[in-house]
Amino acid sequence: QVRLVESGGGLVQAGGSLRLSCAASGSIFSLNVMGWYRQAPGKQRELVATIASGGSTNYADSVEGRFTISRDNAKNTVYLQMNSLQPEDTAVYYCYVRGRTSPLVAIYDYWGQGTQVTVSS
């Protein structure tokens, strides 16, 4: 089993910054993609950013230039540095991992429990 534990969420004023962390633990063979999704009240869950094992990144247009995703492969951890936060960024942020627990099994998607980010005006 792979467990994903997010941390770093909280309440911040508009223009402020937060850094989210997500640590993967358990049986891990590879973590091909790590990233973050978010879901605001009344909205669909949406992609925020992803980073592949080789370091390539992908960002939603709404966050590009403000958010930076990174990963520490030695620690099986992905980070999301969020700057210039706006009220529209308020959501539950979910860690996402695409990987496998063994070379003998298929690649699966894994999700964290979510961490709340609230941005006040």
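Begin by selecting Asn-76, which is partly exposed at a relative accessible area of 24% (buried means under 20%, exposed over 50%, and partly exposed in between, with a 1.4 Å probe and protein chains only). This is a predicted model, in which local features need pLDDT of at least 70 and side-chain atom pairs count only at pLDDT 80 or more, while totals for chains, interfaces and linings use all residues. Residues are numbered from 1 along each chain as its sequence is written, and side-chain values use heavy atoms, with hydrogens and water left out.

Asn-76 is found in the loop between S7 and S8; strands are DSSP runs (E, at least two residues), numbered from the N terminus. Its phi is near 50°, a positive value in a residue other than glycine. Most residues other than glycine have a negative phi. Colour S7 (67-72) and S8 (77-82) next: these strands form a hairpin with four residues between them.

**Strand S8 and its partners**

S7 and S8 pair in the antiparallel sense over six bridges, where pairing requires that DSSP finds at least two bridges between two strands.

**The nonpolar core**

Show the side chains of Trp-36, Leu-80, Met-82 and Tyr-93. Of the 29 residues in the largest nonpolar core, these four touch the most other members. A nonpolar core here is a set of buried Ala, Val, Leu, Ile, Met, Phe, Trp, Tyr and Cys residues joined through side-chain atoms within 4.5 Å. In soluble globular proteins, nonpolar side chains tend to be buried together.

Move on to Ser-84, in the loop between S8 and S9. Ser-84 has a positive phi of about 50° although it is not a glycine, and at 38% relative accessibility it counts as partly exposed.

**A salt-bridge network**

Which residue forms a salt bridge with Glu-46? Select Arg-38: its closest N and O atoms with Glu-46 are 2.8 Å apart. A salt bridge is a side-chain nitrogen of Lys or Arg within 4 Å of a carboxyl oxygen of Asp or Glu. Arg-38 is buried at 6% relative accessible area, whereas Glu-46 is partly exposed at 30%.

Arg-38 also forms a salt bridge with Asp-89, at 3.0 Å between the closest N and O atoms. Arg-38 lies in S4 and Asp-89 in the loop between S8 and S9, so the pair ties together parts that are 51 residues apart in sequence.

From Asp-89, continue to Arg-66, with which it forms a salt bridge at 2.8 Å between the closest N and O atoms. Arg-66 is in the loop between S6 (57-59) and S7, 23 residues apart from Asp-89. Both Asp-89 and Arg-66 are buried. Salt bridges that share partners join Arg-38, Glu-46, Arg-66 and Asp-89 into one network.
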